[in-house]
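Please open the model in a viewer and keep the selection panel at hand.

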Amino acid sequence: MRLQSYPKIWNISIILEKNLNLNKAIIHFDLDAFFVSCERRLDSSLNNKPVIVGGTGNRGVVTAASYEARKFGVHSAMNMKTARQLCPHAVYIRGNGSTYAKMSQEVTEILMETLPIVEKASVDEFYADLTGMDKFFGCYKFSTELRAKIIRETGLPISFGLSANKTVSKVATGEAKPNNQMNVANGLEKVFLAPLSIKKIPMVGDKTFKTFSLLGIRNVGLVQQMPVERMISVFGKNGRTIWERCCGIDDSPIKPFHERKSISSERTYGKDTFDQVVISTTITAMAENLAYQLRRGNKLTSVITVKVRYSDFQTYSKQLKIPHTAADHILIPTVLDLFNKLYDRRVLIRLVGVRFAGLAEGNYQIDMFENTNKTVNLYNAMDELRKRFGDSVVRRAATMGEGSRTIGGQGNPFDGKPPILLAHRHR
Ligand SMILES: [Mg+2]
């Protein structure tokens, strides 16, 4: 008798699961002209004026433009010289990466204390899964209140798109902007996307857009009508995904965001040493490697710690708080200086360690506005080589004797698993 009831329960659970999938609710939040909004929070006289944030030299680039400046054709990544020609009367501001990182953190905290799963897609962009919340609040009402809370508590304008998936929500945010919100109801994804330019689909870059243009396709609706086989023959294996996105189909998951508190590296010498050259070479190499990890993860550090363990196992460390940075030419001298202050026992050293903590989201290029274009270009060139050929391909002359302390050195060390640093490596 009892056994007979099992199949029924099983069936109900399948129906429930299907229903949950149907009612998936993914929200995408995007702060409006984020760097400009941060500057306006610090100085309200900038409100309603065209404001451009970026490298202020003629060779700098625009990192953010207010909507008033965008009316003149200024946009981010534009050459500053061109921006000045288009909008000479704008207020020009050099960026401050650590200020923006702090304000981004305020928004992150509100979202993370309100929602179970949050993905931080960039310094000013977030995804979250609201599926199931409609049972209690209604997702759109909930989202509306959450947005109002962010604006009230941070003073930063933010927009959101709400729909069944990441792609449609991101496009909806773009349509809602500035400082507004949009809900695309379940089942209306295709209808919503159809009239829009193909350029608005997140997967479509300049190259794909050009190919579509050659085919005479400008709007998403035309792609929706194409057979998927045709898309595959034109775009290869990406063709299906682009076609699905255009049809409002996207089941990619939210990648939960875990804040990394610090990043560190240690070295135990095979034989205890007080050879100053060997030690400073090790420390320089560790600082250089960790700084590269920061830049690769779009992070800045503000707390530097150096650790020394002597041959008698006594361990000492010294810490210094500095303005947020990810620049070698600041971090390496700081680390060496800390070591010199720490090392006063004239006893053999067994182990040295370097730790970067107080991490914040931030772009080192902004951080380096103080520096010349030449320095920024040097960093970019060195990091590009590392990305392509591995971490150990470029290194400072001072660290030429050192091996690489990271393995699996590709990708972003902050978007999930910690970078694999080989601590306690014996030489
Ligand atoms: Mg934004």
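Axes are lines fitted to C-alpha atoms, for helices over the stretch in contact, and angles run from 0 to 180 degrees between N-to-C directions. This is a predicted model, in which local features need pLDDT of at least 70 and side-chain atom pairs count only at pLDDT 80 or more, while totals for chains, interfaces and linings use all residues. Residues are numbered from 1 along each chain as its sequence is written.

**Whole chain**

Select the protein chain: its secondary structure comes to 16 helices and 15 strands. Helices (H or I, at least four residues) and strands (E, at least two) are DSSP runs, numbered from the N terminus. Of the 427 residues, 35% count as buried; a residue is buried if 20 or more other C-beta atoms, placed from the backbone, lie within 10 Å of its own. Two residues are in contact if their C-beta atoms, placed from the backbone, lie within 7 Å. Among contacts between residues at least 6 apart in sequence, 64% join residues at least 24 apart.

**Strands 2, 3 and 4**

Next, select residues 51-54, which form strand 2, together with strand 3 (62-65) and strand 4 (91-93). They belong to an open sheet of three strands in the order 3-2-4, with mixed pairing; two strands pair if DSSP finds at least two bridges between them. Strands 3 and 4 are the edge strands, each pairing on one side only. The twist averages 25 degrees from one strand to the next.

Strand 2 runs antiparallel to strand 3, joined to it by three bridges, and parallel to strand 4, again with three bridges. Centre the view on I52: its bridge partner is A65 in strand 3 and Y92 in strand 4. G54 stands opposite V62 in strand 3. Are the faces of strand 2 covered or uncovered? Both are covered, with V51 and V53 buried on one side and I52 and G54 buried on the other.

**Helices 5 and 6**

Select residues 97-114 (helix 5) and 139-154 (helix 6), which pack at an angle of about 145 degrees with their axes 11 Å apart. Helix 5 contributes M103, E106, V107, I110 and T114 to the contact, and helix 6 contributes L146, K149, I150, E153 and T154.

**Helix 12**

Move to residues 238-246, helix 12, where I242, W243, R245 and C246 are buried. They lie on the same side of helix 12, because they cover an arc of only 160 degrees around the axis, the arc being that of the directions from the helix axis to the C-beta atoms. To see what they pack against, display helix 7 (166-176), helix 8 (189-193), helix 9 (206-214), helix 10 (220-225) and helix 11 (228-235). Following helix 12 is G248, with a positive phi near 80 degrees.

**Helices 13 and 14**

Finally, select residues 276-296 (helix 13) and 328-342 (helix 14), whose axes come within 9 Å and cross at roughly 140 degrees. On helix 13, the contact is made by S280, I283, T284, A287, E288 and A291; on helix 14, by D328, L331, I332, V335, L336 and F339.

Terms used: A residue is buried if 20 or more other C-beta atoms lie within 10 Å of its own, exposed if 12 or fewer, and partly exposed in between; C-beta atoms are placed from the backbone.
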